[in-house]
Amino acid sequence: MKLVFDIEPVQQARPRATRLGKSIRLYDPIDVKTFKLQLKYLAKAKRIKPFDDSIEVSLKFYRKVQASVSHVEHDRRVSGIHRPVVKPDVDNYVKATLDALNGIIWKDDAQIVTLHASKYYSDHPRIEMKVEVLK
């Protein structure tokens with residue numbers, strides 16, 4: 001199954017903490033929380049029954065090209081000649097995305113036994129996902 005989510009990828013950031021009396025509560029920063037909620041809504045709109053078997057997931061993260069680069073460099077990045085080698089790391093994109101889709105695309109991300117992830121530049125930020133059940 002192939003899915004495309006028209007949303008700018010956001011990296012999973014370190015959790016923030018607040019003290020509630022003698023206990024400590026951890027929470028996601030607001031930009032990560034907002035991203036996860038928006039991605040959940042986009043996934044729910046596709047009305048997919050969550051997978052419950054072992055699955056293989058391929059993710060392609062397309063991020064915006066920085067405005068500060070020249071037109072020539074912009075074209076190189078959009079064409080794929082130059083790929084993002086700057087932060088955020090691809091594994092931080094993966095973590096935020098997989099957490100957001102728990103219970104929607106799959107019952108739990110522990111079902112993912114094979115994972116492929118790549119990051120690219122694009123004028124149209126998005127997340128492309130391919131999910132396959134392993135037999």
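Me: Two strands pair if DSSP finds at least two bridges between them. What makes strand E4 (residues 55–63) and strand E5 (residues 112–121) a pair?

Reply: Strands (E, at least two residues) and helices (H or I, at least four) are DSSP runs, numbered from the N terminus. E4 and E5 share nine bridges in the parallel sense, and pairing asks for at least two, so they pair. Within E5, Thr 114 is the bridge partner of Glu 56, and Lys 119 is that of Phe 61. This is a predicted model, where local features need pLDDT of at least 70, side-chain atom pairs count only at pLDDT 80 or more, and totals for chains, interfaces and linings use all residues. Residues are numbered from 1 along each chain as its sequence is written, and side-chain values use heavy atoms, leaving out hydrogens and water.

Me: Why is the contact of Lys 36 and Asp 99 called a salt bridge?

Reply: The term needs a side-chain nitrogen of Lys or Arg within 4 Å of a carboxyl oxygen of Asp or Glu. Here N to O is 3.8 Å, so the contact qualifies. Lys 36 lies in helix H1 (residues 30–45) and Asp 99 in helix H3 (residues 90–100), 63 residues apart.

Me: How do you know whether Lys 36 is buried or exposed?

Reply: Buried means under 20% relative accessible area, exposed over 50%, and partly exposed in between (1.4 Å probe, protein chains only). Lys 36 has 12%, so it is buried.

Me: What makes Asp 99 partly exposed?

Reply: Its relative accessibility is 22%, so Asp 99 falls into that class.
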